[in-house]
Amino acid sequence: NPMKDMKNAWPEVVNLPFEEAKTMILRDRPDCHVQQVKPGDRMTRDLDFQRVFVMTEGDGDFKVIHPPH
């Protein structure tokens, strides 16, 4: 399975601004779609192995609060 060798978590982006985290994720996995999730946002539950949810909080430059995966 080629997916098993691909990076699928980014704990190193916690506390970074969303845009910086997105850049780092896409550098590792340009095949992925990076989706920001702000407090109160609804998240889809459909399965997509190429989507990375990035949980953020704050004002302006939303900071990443959980390791994206």
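Which residue forms a salt bridge with Asp31? The partner is Arg29, and the closest N and O atoms of the pair sit 2.7 Å apart.

## Ground rules

This is a predicted model: local features need pLDDT of at least 70, side-chain atom pairs count only at pLDDT 80 or more, and totals for chains, interfaces and linings use all residues. Residues are numbered from 1 along each chain as its sequence is written, and side-chain values use heavy atoms, with hydrogens and water left out.

## Salt bridges

Side chains of opposite charge can pair when their charged atoms come close. A salt bridge here needs a side-chain nitrogen of Lys or Arg within 4 Å of a carboxyl oxygen of Asp or Glu, and the structure holds four of them. Back to the opening pair: Arg29 is buried because its relative accessible area is 4%, while Asp31 has 25% and is partly exposed. For those labels, buried means under 20% relative accessible area, exposed over 50%, and partly exposed in between (1.4 Å probe, protein chains only).

Lys7 pairs with Glu12, with the closest N and O atoms 2.6 Å apart. Lys7 is partly exposed at 32%, and Glu12 is partly exposed at 39%. Then there's Asp46 with Arg51, where the closest N and O atoms are 3.4 Å apart. Asp46 is partly exposed at 45%, whereas Arg51 is buried at 14%. Shared partners link Lys7, Glu12 and Asp28 into one salt-bridge network.

## The nonpolar core

The largest nonpolar core has 11 residues, including Trp10, Phe18, Ile25 and Val54. Such a core is a set of buried Ala, Val, Leu, Ile, Met, Phe, Trp, Tyr and Cys residues joined through side-chain atoms within 4.5 Å. H1 and strand S2 (51–57) are the elements giving two or more residues to this core, and H1 has the largest share, with three. Helices (H or I, at least four residues) and strands (E, at least two) are DSSP runs, numbered from the N terminus.

Take Ile25 as one core member. Leaving aside residues up to four places away in sequence, Ile25 touches Trp10, Val34, Val52, Val54 and Pro68; a contact means heavy atoms within 4.5 Å.

Asn15 isn't a glycine, yet its phi is positive, at about 80 degrees. You'll find Asn15 in the segment before helix H1 (18–28). Asn15 counts as exposed because its relative accessibility is 58%.
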